[in-house]
Amino acid sequence: MRSEPSHREGWAYREGMQEVLLVLGGGGARGFAHVGALRALEEAGLGVRAIAGCSFGAIVGAFHAAGADRERMEAVANEVRYESIVSLGTPGGVIGGEGIERELARFLPERFEDLAIPLAVTAVDVQRGELVILREGPLVPALRATSALPGLIAPMHLDGRWLVDGGMLNNLPVDVARTLGGEPVIAIDVAVPANRTVDIPDAGNAWVRMWNALRPQRATALALFMKSFDVPQALITQMRLTMSPPDLLVRPDLGSDFGVEQVGRRDEAIAIGYEATRAALATWRERAGDEVSEEET
């Protein structure tokens, strides 16, 4: 089950612990689970010292770093004009990024330096093939860059670079979080499972092929495009986790049928993220208690 937590050897839950480093991974609308995870951390009495995020995780992280509590983030999720985000005709993507930038600017401060909590987000310089870490300067353009899924959302030109979704190279930036100082690191992974299936219609006989040729095939093409992104992303994430594991990894069980575009399921994602993180923190505490008991005996 994807919501089962995993732990890094060498760092256990400590009674009296007050702050953690938080990693919020990308996953489109699945990232609303991060809002529920923040609620679970708050109820556990854990503050957030710093945040590293990617794509939608970076956006949720920016709201939290700006001081928005869970209730405010849920209100914003319902207030955002999702239809206004879609802007067509921008070179480099089916969807332009101006609408995303315009909506985020309604709620967030202008610069990273205006945030109450340090935030670092990942992006990729698509021309040079390099990972880029953004943690200072203009905030909203950086969030647009980290969310710019190549081919779907237009890239962001920032500081002389063409930047796209950081999920290409670092969708769950645990290693980046560790550069922000301190421990433990809690990571919330909401990426689409790499083994999800795509419904590819059978070509069938000549009549079926003729019918398929006459109707749009955009849905299947988009699903295959997204799938081709999910597979290498999952492999890269696993390699990075092997090299730099978090102290607590939570993977909310959102299911393979929860698409990155399904913002209408945000309440469901929030609830799943909350329950998964609450359960993971409880298991973490129990394991710490067992280890203390073993030491005493």
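User: The backbone oxygen of Val263 lies 2.9 Å from a polar atom of the Arg266 side chain. What is a polar contact?

Analyst: A polar contact is a pair of N or O atoms within 3.5 Å; within protein, one must be able to donate a hydrogen and the other to accept it, and residues adjacent in sequence count only if both atoms are side-chain atoms. This is a predicted model: local features need pLDDT of at least 70 and side-chain atom pairs 80 or more, while totals for chains, interfaces and linings use all residues. Residues are numbered from 1 along each chain as its sequence is written, and side-chain values use heavy atoms, without hydrogens and water.

User: Is Arg266 buried or exposed?

Analyst: Arg266 is buried (under 20% relative accessible area; exposed is over 50%, partly exposed in between; 1.4 Å probe, protein chains only).

User: How many salt bridges does the whole structure hold?

Analyst: A search finds 13. One of them joins Arg161 to Asp125, with the closest N and O atoms 2.9 Å apart. Asp125 is buried at 2% relative accessible area, whereas Arg161 is partly exposed at 23%.

User: Which residue meets Arg240 in a salt bridge?

Analyst: Asp175 does, at 3.0 Å from N to O. Arg240 is partly exposed, with 23% relative accessibility, and Asp175 likewise counts as partly exposed, with 28%. The side chains of Arg39 and Glu43 also meet at 3.0 Å, N to O; Arg39 is partly exposed at 27%, and Glu43 at 48%.

Notes. Lys, Arg positive; Asp, Glu negative; His and termini not counted. Salt bridge = Lys/Arg side-chain N within 4 Å of Asp/Glu carboxyl O.
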